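Here is a brief report on one protein chain.

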Amino acid sequence: MPSRPFTSRSTTTAAPRARRGARPLVTAVAGCAALLCTALGAAPAQAQASADAAPDYVALGDSFAAAPLVPAIDLSRPACLASKAGYPDVAAERIGARLNDVSCSGATLDHFASRQFGFVAPQYEALGPGTDLVSLTIGGNDNGLVTAALSCLNALPEPVGASCADRFTSGGRDQLAEDIADWAPRLGEALDEIHRRAPAARVFVVGYGDYIRKGGCYPTQPIWARDADYVQGTVNKLSAALREQAAAHNAVFVDGFAATEGHDSCAAPGDRHLEGLIPTSPAAPLHPSGKGSAALGTALAEAIRADGATPGNPAG
């Protein structure tokens with residue numbers, strides 16, 4: 001607004017004021033001051049506009065997202081053992097989003113709609129019409145994969161002991177694979193509910209990672225080779241179910257295995273993205289390390305940018 005009157009006055013009265021000497025200089029100085037004030041006032045407004053433009057991002061899920069025991073611990077969610085450096089935090093920083101992370105260790109699909117531990121709010125309550133982005137990883141606890149993996153550990157090499165792969169596939173049927181297949185439609189229903197509660201949001205489903213390489217690495221990780229292959233194969237089946245349900249329910253799948261491949265629990269301690277039975281960095285057993293969360297968060301941020309859900313943050 002200040003620039004328009006200044007231009008108009010200087011155009012219509014330039015000749016008379018030139019004859020009176022100093023008045024054009026006074027007018028010019030006043031106009032410049034007004035423009036300077038306008039520019040100074042615009043800077044905070046532009047900063048506020050930039051903040052207002054940041055996408056609202058809600059992270060749902062279990063401990064794969066919450067990254068238990070990875071520093072720094074989120075003291076606002078002590079029961080969830082959640083980190084402020086889980087993959088949702090990393091992705092939010094990369095894309096410049098406002099994050100509301102409600103992921104929680106031990107969560108199942110039931111905890112999307114009901115309280116966890118009797119007092120942690122249902123995760124769905126974080127969603128709303130203003131939500132722009134949603135991410136989730138879920139299913140490991142629903143299908144008991146952590147418990148199953150722990151039951152596969154053997155302190156002694158074959159043939160001393162028993163194979164968990166034999167136990168879970170006895171009678172010609174794969175118990176864990178059947179559990180995953182039965183559970184998968186429930187994930188589809190959950191994705192539909194997310195869309196209903198957050199109709200403007202793009203939804204990203206992050207798959208589980210590369211926990212242990214083919215053939216394992218006994219005794220570095222005390223699990224027999226065939227049991228290691230069975231456990232990772234079952235994790236891959238769960239991730240395949242996440243991929244299929246994402247495709248069928250208007251969500252984008254992010255490949256957690258690709259983001260962590262080769263950085264499994266058999267890798268050198270400083271190169272692990274997923275920890276083994278005895279963590280070699282601050283993290284929970286059989287969960288992402290800080291490096292793993294960084295890799296997963298970067299993969300998620302890249303998927304969000306590729307999808308066009310947000311312009312992203314080049315500084316990330």
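## A strand residue and its surroundings

Arg-98 has 37% relative accessibility, so this residue counts as partly exposed. The model is predicted. Arg-98 sits in strand β2, which spans residues 98-101. In sequence, Arg-98 and Asp-56 are 42 residues apart. In space, their C-alpha atoms are 5.0 Å apart.

## The chain as a whole

The chain has 12 helices and five strands. It holds 316 residues, and 47% of them count as buried. Take the contacts between residues at least 6 apart in sequence: 71% of these join residues at least 24 apart.

## Aromatic contacts

How many aromatic pairs does a search of the whole structure find? It finds five. One of them joins Phe-168 and Tyr-230, with ring centres 6.0 Å apart. Their planes meet at 15°, so the pair is stacked; the cut-off for stacking is under 30 degrees.

Where do the two partners lie? Phe-168 belongs to helix α8 (residues 164-168), and Tyr-230 to helix α10 (residues 225-248). The pair therefore ties together parts that are 62 residues apart in sequence. Both Phe-168 and Tyr-230 are buried.

Phe-168 has a further neighbour. Arg-167 lies over the face of the Phe-168 ring, at 4.9 Å from the ring centre. Elsewhere, Phe-64, Tyr-87 and Tyr-208 form one aromatic cluster.

## A nonpolar surface patch

Which residues form a nonpolar patch on the surface? They are Leu-69, Ile-73, Leu-75 and Leu-81. Together they have about 380 Å² of accessible area. Leu-69 is placed in the loop between α4 (63-66) and α5 (87-95). Its relative accessibility is 42%, so Leu-69 counts as partly exposed.

The loop between α4 and α5 also contains Ala-72. A cis peptide bond joins Ala-72 to Pro-71.

## Backbone exceptions

Most residues other than glycine have a negative phi, and most peptide bonds are trans. The table lists sites that depart from this pattern, with the angle for each.

| Site | Feature | Angle |
|---|---|---|
| Pro-71 to Ala-72 | cis peptide bond | omega about -5° |
| Glu-158 to Pro-159 | cis peptide bond | omega near 5° |
| Phe-117 | positive phi | phi near 60° |
| Leu-286 | positive phi | phi near 60° |

Pro-159 is placed in the loop between α7 (145-151) and α8.

Phe-117 lies in the loop between α6 (110-113) and β3 (133-137). Leu-286 lies in the loop between α11 (256-260) and α12 (290-307).

Are these two residues buried or exposed, or in between? At 45% relative accessibility, Phe-117 counts as partly exposed. Leu-286 comes to 19% relative accessibility, so this residue counts as buried. The cut-off for buried is under 20%.

Conventions
Residues numbered from 1 in each chain as written. Predicted model: local features only at pLDDT ≥ 70, side-chain atom pairs only at ≥ 80, totals over all residues. Heavy atoms only, no water. Phe/Tyr/Trp six-rings, centres within 6.5 Å; stacked < 30°, edge-to-face > 60°. Helix = DSSP H or I, 4+ residues; strand = E, 2+ residues; numbered from the N terminus. Buried < 20%, exposed > 50% of the residue type's maximum accessible area, 1.4 Å probe, protein only. Lys NZ or Arg CZ within 6 Å of the ring centre and 35° of its normal. Patch = residues over 30% accessible without salt bridge, like charges linked within 9 Å, V, L, I, M, F, W, Y side chains within 5 Å. Areas by Shrake-Rupley, 256 points an atom, 1.4 Å probe, with all protein chains shown as cover. Salt bridge = Lys/Arg side-chain N within 4 Å of Asp/Glu carboxyl O. Contact = heavy atoms within 4.5 Å.
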